[in-house]
Amino acid sequence: MEKTLKFVTEHLNDDVARLVLDRARWSEVDIDLAIACIESRRKLRNKVNEWYENGSLVFPVKLSAEQCSSTATGLYKSYLASRIAGKGFRLADLTGGLGVDSWFFSKKASEVMYNEMQQPLCEAAAHNFKVLGTSNITISNKIASTETLDELIGAFSPDIIYLDPARRGEGGKKVFLIEDCMPDVLGLKESLFRHARHILLKLSPMADISMVCSRLGDTCREVHIVAAGGECKELLVWMDKEWAGGYSITAAELPADYPASEASLFAFSPDAEKEKTAEICNEMPSEGTFLFEPGKALMKSGCFNLIGRKLDMIKLGRSTHFYLTEDAKKAEDLKKLGRVYRIISCTSLDKRSIKEAGRTYPRAEVTARNIPIDTDTLRKKLGVTSGDDAHIFGLKADTLGNLLIITV
């Protein structure tokens, strides 16, 4: 193993195809494992740097590195678990994978059970946790099913059971319905609740929230949409056996330096979103007004009325999810929840305004929403190249028609 890990470090940036072809040169090295480790470590770079930088860790399955949590999302889950179950909780991770989530949970939990059905991953996790100096994780190598659950969990008595069901079916095809994932949480739910009050699920960020909660039932208590680096990363569902009061949704935008800087949270109930529509813009936005584009977590949450009402902003259109405010302090605060632009000018979208904007700002970013042309077409009509002169928006406003908004 020592020679294989040394080989991984020495050849981390080499062409893996060439390494495979030249495998006969390194008879004392497990080339297949080395290649898996090299490809996995590359996936972990800037994702879980604590693991990427440790040359003594073993990664036998590249797909597990692709699918594992990042440092930011792993820490967010550990804080959430601590809030759910209190200090010193016990957690059973029934879909351990590479072990990243179990490792982050172990930083807050008194005890963690890591379970994984693939033996190579279990062996690697046992090795890696030891190298990392983690002593409060026990290893289990079993299939999570209704038939095996009692034996799997045994006398561990977890406060929380965590699952990240595999979202690939036969032939590696991606699946999104809960019952198509492995393990089937719908089928396991009642058995899981016999062992713990709380269940925490990590689901695809593409999953439909209302459908997920409808299928999982009244025990759904909170849904967390976690975004980082401009992408929606995870959908987390907290289920509580003793809860039947409806679920709330929290949109969580994680800053680049999280957790040094706190996550920006926007929490609401789906019923509140339906109660009243947002105020719609009916006057042409003036120079100096700020344009707010919600971040990925807010957009996924669907709280388009509440964004306007709770944050006291005017919405550009019912189906155009951009908001306006003249408050500079509010605009600064909003940067934690999305992108904020200061408007230079706003005119009707037509050939003349497009031509003039393109001539004035030849290096600009472009965005089109709810107008008859898409972003690429608007960019071509403007004749601009990517740059920081301005950000030009083509947006539909319900009462004002299609607008060309130039911002910085």
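Visitor: How many nonpolar, polar and charged residues are in the lining of the second largest pocket?

Guide: This is a predicted model, in which local features need pLDDT of at least 70, side-chain atom pairs count only at pLDDT 80 or more, and totals for chains, interfaces and linings use all residues. Residues are numbered from 1 along each chain as its sequence is written, and side-chain values use heavy atoms, with hydrogens and water left out. Rolling a probe the size of a water molecule over the atoms shows where empty space is left. Here the lining has 6 nonpolar, 4 polar and 4 charged residues (Ala, Val, Leu, Ile, Met, Phe, Trp, Tyr, Cys and Pro count as nonpolar, Asp, Glu, Lys and Arg as charged, the others, Gly among them, as polar).

Visitor: How much space lies in that pocket, and which residues are closest to its centre?

Guide: The second largest pocket holds about 280 Å³. Of its 14 lining residues, C281, E283, I314, L324 and E326 are the closest to the centre. A pocket is an open set of points on a 1 Å grid over the protein atoms alone, where a 1.4 Å probe fits, with protein on both sides within 12 Å along at least five of seven lines; lining residues have an atom within 4 Å of a point. Volume is the space filled by probe spheres set on the points, which are joined across faces, edges and corners.

Visitor: What is the strand order of the 7-stranded sheet?

Guide: Strands of a sheet pair through backbone hydrogen bonds, either parallel or antiparallel. This open sheet runs β11-β12-β10-β13-β16-β15-β14, with mixed pairing. Its edge strands, β11 (314-317) and β14 (363-369), each pair on one side only. The twist from one strand to the next averages 40°. Strands (E, at least two residues) and helices (H or I, at least four) are DSSP runs numbered from the N terminus, and two strands pair if DSSP finds at least two bridges between them.

Visitor: Where can I look at single pairings in it?

Guide: Strand β10 (residues 290-294) is joined to β13 by 5 bridges and runs antiparallel to it; L291 stands opposite Y341 in β13. β13 also pairs with β16, antiparallel, over 5 bridges, and there I343 faces T407 in β16. R369 has L395 in β15 as its bridge partner.

Visitor: Which strands do α16 and α17 lie on?

Guide: α16 lies across β13 (338-348), β15 and β16 (401-407), at about 10° to β16. α17 packs on the sheet, touching β14 and β15, and its direction makes about 140° with that of β14. Contact means heavy atoms within 4.5 Å; angles run from 0 to 180 degrees between N-to-C directions of axes, which are lines fitted to C-alpha atoms, for helices over the stretch in contact.

Visitor: At what angle do the two helices cross?

Guide: The axes of α16 (residues 351-360) and α17 (residues 375-382) come within 8 Å and cross at roughly 70°. The two are therefore roughly perpendicular (65 to 115 degrees; under 35 is roughly parallel, over 145 roughly antiparallel, the rest oblique). I354, A357 and G358 in α16 meet L378, K381 and L382 in α17. By class, that contact divides into 4 nonpolar, 1 polar and 1 charged residue.

Visitor: What is the strand order in the sheet of 9 strands?

Guide: That open sheet, also of mixed pairing, has the order β3-β2-β1-β4-β5-β7-β6-β8-β9. β3 (137-140) and β9 (264-268) are its edge strands.
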